[in-house]
Amino acid sequence: MIYRLHHTTTYDYAEPVVLGTHFMHLLPRARPGQFIREAMLSVSPQPETRRDETDHFGNITTTISLTAPHRQFSVALSATIEVEQPPPPPPAQTPRWEAIALWGLKDPDVAEFCLPSALAKPNGEIADYTALSFPPGRTILAGLLELNLRIWTDMTYTPGVTNNSTTAAHVFKTRAGVCQDYAHFMLACLRALGLPGRYVSGYLRTSPPAGQIKRRGADQSHAWVSAWLGPEIGWVDFDPTNNLLVSDEHVTLAWGRNFQDVSPLRGIILGGGRHSLRVNVDLDPVLT
Amino acid sequence: MSAVASCDEMIDRSGRVRGHWAPLLEAVRDVGHEELARRAAALNRQMRLAAPFGAAPTRHYDPLPALLTPFEFSGLEAGLLQRAQLLSAALQDLYGPQTLLRDGSLPPALVLGNPHFLRSLHTQTPLNFPRLSLYAADLIRGPDGHFQVLRDHTGVIPGLGHALSLRRIASGTVPELFRAGGLRSLRPVREMLVDNLQRAAQGGLVAVLSAGAANPALAPDAMDDALLARALGVLLIEPGDLATRNGGLHMKTLSGLLPVASLIRGLPGIDLDPLEQGGRPGAGIPGAFGAIRSGALKMLNAPGSALMEAAELAGYIEPLFQRLLGAAPLLAKASGDPVASASRAPFVSGTSLVSPPILFRLYAWHDGNTWQVLPGGLGFGLEQTNAAQGIILTGMKDLWVLDADEPHIISGAAQSDVPRRTQFLAAAHLPSRVADNLFWLGRSVERLEAAARLLMLALPRLESGTSLPRDLAERALIAKCLAQAGLLPADLAGGALSGRQLRGALARRKPVTGQLKEVARLVNAASERLSPSMLATVRFALNQATESLPNEELALPAMLSFAATFAGIAAENMSRDGGWLFLEMGRRLERAETLAENLAILLNAPPERLEPGMALGIELADSVLSYDLRHAGILAPGPVLSMLLADSGNPRSLAYQFIVLRSCLQHLGAEDDAESLKQLQQEAVNLSGETIGLAKPLAAIAARLRLISDHVHRRFFSLLPEAHQLEDELELEAAQ
């Protein structure tokens, strides 16, 4: 599938901002199954300096500085991205989950995703919850599909009750939140068993494939979970907000241990007063 | 007890004094134990006075050095070089290709799961400077006489400032010991370090980054940072002094933003960059990580270098020597109980010598090509705590590397030991924060003096006044002045004020205590710009003033005496650079404003009733004697006003304040403000010829002075408003 992606973020300030420095994760990265044909991030007003770098996780970061007074700041991403995700093997043919936990901790590219992180820290209750889907000897994919379904069933999609620093433990109690909270919840479950899981930020196609229901998190930045199924199969993505095994409806932007590693836009500004924010996302298939 | 008894640094196994200790021991005997105890106290006093921001040093300083022979040092030197090389290579790898994780030399989970592993500094291409440039090792000498490494320091390097300063201060308090034998000077190495830092900075600023007076807890050892900055002749700065522009770091100074090239890091690297890590902008340096990655900023050491100190990794370090350097470690790692196995060394305790176990800390730095080891360092007494916490370091002492070839006499606090000043310490490069603090220090000391003066004049008059019209008038004027100065609640100023009421107000509100506290706070905040001797005298005077409280009335003479000491010290001990100019401006502005306000009250009367106000005015301005001498004590408006307003030779006249202020502002290039002062001076001269309608123009002068004060503040100090983090709350709704 080939997609055309537009993502615009605009800040309007009540007072002029005299200086702004911004650090962004807003350029999509490549991954197995995702090929970036072209991607452009344009910033307005024209920044004084701009540096695009690759971070520890292989994501693309952009650091800019604005030194002319401005009342509006906007960042626009437009990209053409090819997604081709082959389905994973049948659950029965995947390794047992215990083996995954053992291998993961020793693999330098995987180890850090097995460990607790600030927003996705397991606790005893979360471990008990997870254990139901991972009895001894079960294959990893069977457990993951069930966990994905259970989280989707047990959570109530509720915008506005959580924020960027809401922890998995809190979400586990309230069972309410948005895609970010679903993802942190599932990551905390995986890490309770020492299973490797990544927080993925990205986009979901705006209109669902013909005949399917409208997805939650379309028209917006989206977040989901990537789980490791061993060196042979590699990473497979799950979207607990929509109870989906990710195939070709999702476009990956960046990944990390949790939201904090991939925060789309951070900034330190002088002045500005109150501000308002507008975000616009379109992800549409290119008709070929 | 360990199986093999620990050895003694000074005494060999047969009970004889080791040869290289003999000259020192002889010098100790010559000084005598009683005198040595006094010298130890003096050394500790000196160190306390050298502490910045009012931070008291937490440890005890021992006047006796620990000694290393040239042979011992060359062994340690080689071992330290090798270890520094190894840890540096490991850091370069872990923050780069991570082959040590891929080949299983280090467990990935221990490295990647360590909070000191900073992902923001993991880069595909190496930084343009070594991640490890400063290194220190803690060592003990085992029962077999060989040195063993107890701990590595690769993040913030503790004690380097002390290691470079303790000797200079000790040489002043126990000069006799320095005649005992030749020791290697630290100077050549220190100068090399300074040269190297400046050369690498290519004209940019070099500074020690520490926490300021506002957040002293952020820095592990702010006192050491201050000593280090002083020893290297570089600035001591805090996060608030820095601003990011166009990807580079700049220091906010009076002359604008100056690019910063290198920072010696006294703050933990974790949470240093709120831009990339989130958090309050004021708590760190937004953009620091990006500046480091882009090569605009060097940091000694790079953030994240503390990773190599991690206890979890300690067991994996030794095998790396073979893997990375192809050689066995020259220094063994200490095992077992360090307190039981460490050698013992003499420390002064009261009037006797004791021999606790000793820890040696040696320092190395990278000069761009190779590692250099400081021929000195620190010694610490070791003490066992409960098993969970391990060991604590008690007394700190200088470490001497003996060298028969060096000249025998190291002169006391020699001129040659004073670090070279760099161009960056010039007036224009004064950090805005420091200028701000000095300005308010000047104002607050003057305000304290004015309050003391007014109260000393008021109390006897309120006590003994009659009900004669002249006395009543005088008391009413005093009450108004007291209210104006904030020493009396406004509601008491209207009626007939009694001495009892004023005493009651003082006891309740403690205004003098409050003002003295503010002075003490500002002395601490500005301490880095006051020389150690000046700071010592000011703090001594401040202590005396504080001790004379809480009875504010009895304490007034002590306040005046403090203000006089402060003024004298500032006049005699401070060079007339940027710092002094701001102190002076603060003082003169405050004095002029107070005088104008008081005179506006005192001279608010028709000409025939000016006399009580004039008398008080002359007394408040401490000009009674000069007036009497000049005018035989006969009060007449002409001469009185001339003396208080227009006399450029009277240091308490308005005109005098204006002249000094104008000259300060001209020095700082503030021509427009200087011009306003010139006009004010002319107005003061004109006013001195009037006898009616003085109150209004005087009040107007006070108002103009407040405007000038605001203007000075905006021009020099509020270069930048506080930054804030762009809130993510709204953005969150986007991430659904």
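Which residues is A:M186 in contact with, leaving aside its neighbours within four places in sequence? They are A:L147, A:I151, A:G197, A:V225, A:F238 and A:P240. Contact here means C-beta atoms, placed from the backbone, within 7 Å.

This is a predicted model: local features need pLDDT of at least 70, side-chain atom pairs count only at pLDDT 80 or more, and totals for chains, interfaces and linings use all residues. Residues are numbered from 1 along each chain as its sequence is written, and chains are lettered from A, ligands numbered from 1, in the order in which they are written.

A:M186 also belongs to the largest nonpolar core, which has 199 residues. A:F185, B:A207 and B:L362 join A:M186 as the residues with the most contacts inside this core. Helix α5 of chain A, residues 179-192, gives the most to the core: ten residues. Another core, of 93 residues, lies apart and includes B:A435 and B:F566. A nonpolar core is a set of buried Ala, Val, Leu, Ile, Met, Phe, Trp, Tyr and Cys residues joined through C-beta atoms within 7 Å; buried means 20 or more other C-beta atoms within 10 Å of a residue's own.

The two chains also touch. Chain A gives 41 residues to the contact and chain B gives 39 residues. The side of chain A divides by class as follows.

| Class | Residues on the side of chain A |
|---|---|
| Nonpolar | 16 residues |
| Polar | 17 residues |

β13(A) pairs with strand β17 of chain B, residues 724-725, in the antiparallel sense over two bridges. A:I269 stands opposite B:H724.

Note on methods
Buried ≥ 20, exposed ≤ 12 C-beta atoms within 10 Å, placed from the backbone. Helix = DSSP H or I, 4+ residues; strand = E, 2+ residues; numbered from the N terminus. Contact = placed C-beta atoms within 7 Å. Nonpolar A, V, L, I, M, F, W, Y, C, P; charged D, E, K, R; others polar. Pairing = 2+ DSSP bridges.
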